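The entries follow the order in which I looked things up.

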Amino acid sequence: MSNLIVLDHPLIQHKLTMIRDHRTGTKAFRELVDEVAMLMAFEITRDLALEEVDVETPVATAKAKRLSGKKLGIVPILRAGLGMVNGVLKLIPAAKVGHIGLYRDPQTLQPVEYYVKMPPDIKERDFIIVDPMLATGGSAAAAITSLKQRGAVNIKLMCLIGAPEGVKAVQEAHPDVDIYLAALDEKLNEHGYIIPGLGDAGDRLFGTK
């Protein structure tokens with residue numbers, strides 16, 4: 001079964017509290033999501049492989065370390081996932097960005113894929129899927145399936161807030177994908193919203209209703 005990692009760093013928790021606050025306006029909300037995504041990326045990349053190299057300092061030659069191994073890709077689930085991309089890119093500017101668009105069919109309530117654009121070297125990259133909310137888990141599971149079908153092997157899921165129902169759904173569908181959250185909330189309500197949550201992340205990011 002995949003690991004669930006809740007990142008309890010004090011700065012992440014402090015900023016998440018401000019994100020939850022209904023009084024936080026669009027500009028501040030967007031900036032805070034960006035900042036939390038960057039802090040979470042710092043934690044999620046802790047296991048990246050390193051190699052030893054020689055580097056010439058102004059004084060002498062030093063043994064130092066740099067990243068080695070596979071290249072990284074970031075995949076936001078449209079549209080709310082876009083709010084987390086720049087925060088990750090600030091730490092990993094060489095990462096490529098793919099996009100996946102999903103909507104929920106009103107009849108079946110199942111996610112339907114309407115847009116996918118990935119880096120051409122998908123098989124050579126480790127991927128981080130980003131979306132602020134992990135509610136029912138349907139969209140996240142579908143996004144992971146889409147990447148796997150195109151050749152991706154090593155995938156992580158990074159969300160600000162998750163519900164137990166969504167975590168369970170992703171774990172059952174993709175037991176090999178680790179899930180990173182800033183908070184695991186109480187439950188979903190009858191409309192599929194996370195309680196206590198933070199409202200509709202897309203609307204709050206982009207100023208829509």
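Predicted model: local features only at pLDDT ≥ 70, side-chain atom pairs only at ≥ 80, totals over all residues.

I take helices (H or I, at least four residues) and strands (E, at least two) as DSSP runs, numbered from the N terminus. Residues are numbered from 1 along each chain as its sequence is written, and side-chain values use heavy atoms, with hydrogens and water left out.

**Entry 1: cis peptide bonds.** I looked up the bond between Ile195 and Pro196 and found it cis, with omega about 0 degrees. Pro196 sits in the loop between β13 (194-195) and α6. The bond from Leu78 to Arg79 is also cis, with omega near 5 degrees. I place Arg79 in the loop that connects β4 and α3.

**Entry 2: α1 and α2.** Two packed helices are described by the angle between their axes and the distance between the axes. Axes are lines fitted to C-alpha atoms, for helices over the stretch in contact, and angles run from 0 to 180 degrees between N-to-C directions. For α1 (residues 10-20) and α2 (residues 26-44), I note that the axes come within 9 Å and cross at roughly 155 degrees. That makes α1 roughly antiparallel to α2 (angles under 35 degrees count as roughly parallel, over 145 as roughly antiparallel, 65 to 115 as roughly perpendicular and the rest as oblique). In contact (heavy atoms within 4.5 Å) are Leu11, Ile12, Lys15, Leu16, Met18 and Ile19 of α1 with Phe29, Leu32, Val33, Glu35, Val36, Leu39 and Met40 of α2. By class, I record 11 nonpolar, no polar and 2 charged residues in the contact of α1 with α2 (Ala, Val, Leu, Ile, Met, Phe, Trp, Tyr, Cys and Pro count as nonpolar, Asp, Glu, Lys and Arg as charged, and the others, Gly among them, as polar).

**Entry 3: α2 and α3.** The axes of α2 and α3 come within 7 Å and cross at roughly 45 degrees. α2 is therefore oblique to α3. The contact involves Val33, Asp34, Ala37, Met38, Ala41 and Phe42 of α2 and Gly83, Met84, Asn86, Gly87, Val88, Lys90 and Leu91 of α3. I record 8 nonpolar, 3 polar and 2 charged residues for the contact of α2 with α3.

**Entry 4: burial of α3.** In α3 (residues 82-91), the buried residues (under 20% relative accessible area; exposed is over 50%, partly exposed in between, with a 1.4 Å probe and protein chains only) are Gly83, Met84, Val85, Gly87 and Val88. Their cover includes α2, β4 (71-78) and α6 (201-206).
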